[in-house]
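Look at the model first, then read on.

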Amino acid sequence: MNLVVMGAQWGDEGKGKLIDIISRDTDVTVRYQGGNNAGHTVVVGNKEYIFHLLPSAILHKGKVCVIGNGVVVDPLALLEEIKALEKRGLKVPASRLKISDRCHVVMPYHRVLDGLRETKRKNKIGTTGRGIGPCYADKVTRCGIRMVDLLNPRILKAKLEDNLREKNEVFQKVFNHKAYSFEGIYKEYFAYGKKLAPYICDTMLYLNRTIDKKKSILFEGAQGTFLDIDFGTYPFVTSSNSIVGGVCVGSGVAPTKIDKAIACVKAYTTRVGEGPFPTEFSTCLMEEIRTKGNEFGATTGRPRRCGWFDSVLVRYAVIVNGISDLAIMKLDVLDGLKKIKICTSYRYRGKVYKDFPTDFEILSQAKPIYEEMDGWMRPTSGVRSYRHLPKNARKYIKRLEQLLKVGVKYISIGTKRDEIIIR
Ligand code: IMO
Ligand code: MG
């Protein structure tokens, strides 16, 4: 069985925890898009791990992790992540980590350009500043440097020279920023190539051969459906296809080989960075939920914006991703609330929208129409079976299933590995 776990909101849905659990039963875990803008948190005992580029399954010894061709790799960030894990006693041998030779490489000028571009925008995106957008832009412009190029000094030299010729003019003339010297970057990146060489291979072939051997693959989405470059709240999105469709292009595994897609959602909604968010809390609840849910970005530490569950949004994600099962994460964060709201449609200029609108003006000004339910006002973190959940919690989940037209299979009621209900 080959399955996908991805986010159905704006990222940070708790994918890391779910993947950590599901990957115990699969052989290989694959990242297919994004880069170190992602921050996937896994809590094991009293230890917390945050992954940015490495698939969250790296914690399971004996399982193989793959960074697919659709991912953009910052070699410095990756090497640091590997080093930090090894310091904590977890070795990452080449037999357990495979990086696609086709991954595009995040260069120093991408990181800097990410920040500089934001300074020129009136409507800032609020990026993570990791150089993700500029790196994907170079991929599509056809001047990107790939992992395989780091292994070939002649190609690396030619590509880097070409890039710097153009980019240095932009840096100096558009941004009044100093130029980059070829020597420094060339040496640094060639050295990264040497260090990462044992991991670099054709992961498309590796994955398809693994499938031929009847082994199972788990695809780990980063970001979420509404940060997807095509289906998200453009332009307040990331620069890759985080939806299930991104799996095929980002890994080289055909759609006919994918059996199932599981969507992760929070029991409420959060968003980091700028952009429309119809169900965002106004004030007091924002603080309460942010504190209870520890809603601070795992990558940048920025406070996350919080709001009620938006079924218009998630229903759209269920459709575009062909979702078979839902995982509701962080239900326990709602434990103390007297009343809980679910958004079932939007209203804008007298018109009711039941489907997620594309128009930016509608999205940013629409007023959510809510259904209100009684809370359960009881701790849920100790519960391990669905029927032991408080009645109102079950009612809430049932209502979400009706609205979203998909079944809930996993319910997370805490940060720890075992704080999960599997139906
Ligand atoms: P995980 O995988 C939440 C957001 C940024 C910004 C926008 C564009 O942990 O769910 P980028 O640096 O990608 O160009 O920024 O996307 N963003 C995320 N928000 N979770 C993430 O990843 C995110 N990755 C990017 O805050 O609004
Ligand atoms: Mg995250």
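Ala, Val, Leu, Ile, Met, Phe, Trp, Tyr, Cys and Pro count here as nonpolar, Asp, Glu, Lys and Arg as charged, and the others, Gly among them, as polar. By that division, the lining of the second largest pocket holds eight nonpolar, two polar and four charged residues. The model is a predicted one.

**The pocket**

The second largest pocket has a space of about 220 Å³. Its lining is made of 14 residues, and L113, R117, D138, E166 and K167 are the ones nearest the centre.

L113 belongs to helix α3. Is L113 buried or exposed? Its relative accessible area is 9%, and the limit for buried is under 20%, so L113 is buried. Beyond its neighbours within four places in sequence, L113 touches P134, F171 and F175. L150 lies 37 residues from L113 along the chain, and 21 Å separates their C-alpha atoms.

**The sheet**

Ten strands, written as 10 in the order β9-β7-β5-β2-β10-β1-β11-β15-β19-β20, form an open sheet with mixed pairing. β9 (200-201) and β20 (420-422) are at the edges; each has a single partner strand, so one side of each has no neighbour in the sheet. The partner of β9 is β7 (residues 97-100), paired in the parallel sense over two bridges. In one of these strands, β9, I200 is the bridge partner of I99.

Helix α13 (residues 391-404) packs on the sheet and touches β15 (325-329) and β19 (407-412). The directions of α13 and β19 make an angle of about 140 degrees.

Definitions and conventions: Residues are numbered from 1 along each chain as its sequence is written. Chains are lettered from A and ligands numbered from 1 in the order in which they are written. This is a predicted model: local features need pLDDT of at least 70, side-chain atom pairs count only at pLDDT 80 or more; totals for chains, interfaces and linings use all residues. Side-chain values use heavy atoms; hydrogens and water are left out. Two strands pair if DSSP finds at least two bridges between them. Helices (H or I, at least four residues) and strands (E, at least two) are DSSP runs, numbered from the N terminus. Contact means heavy atoms within 4.5 Å. Axes are lines fitted to C-alpha atoms, for helices over the stretch in contact, and angles run from 0 to 180 degrees between N-to-C directions. On a 1 Å grid over the protein atoms alone, a cavity is a set of points where a 1.4 Å probe fits but cannot get out, and a pocket is an open set with protein on both sides within 12 Å along at least five of seven lines; lining residues have an atom within 4 Å of a point. Grid points are joined across faces, edges and corners, and a volume is the space filled by probe spheres set on the points. Buried means under 20% relative accessible area, exposed over 50%, partly exposed in between (1.4 Å probe, protein chains only).
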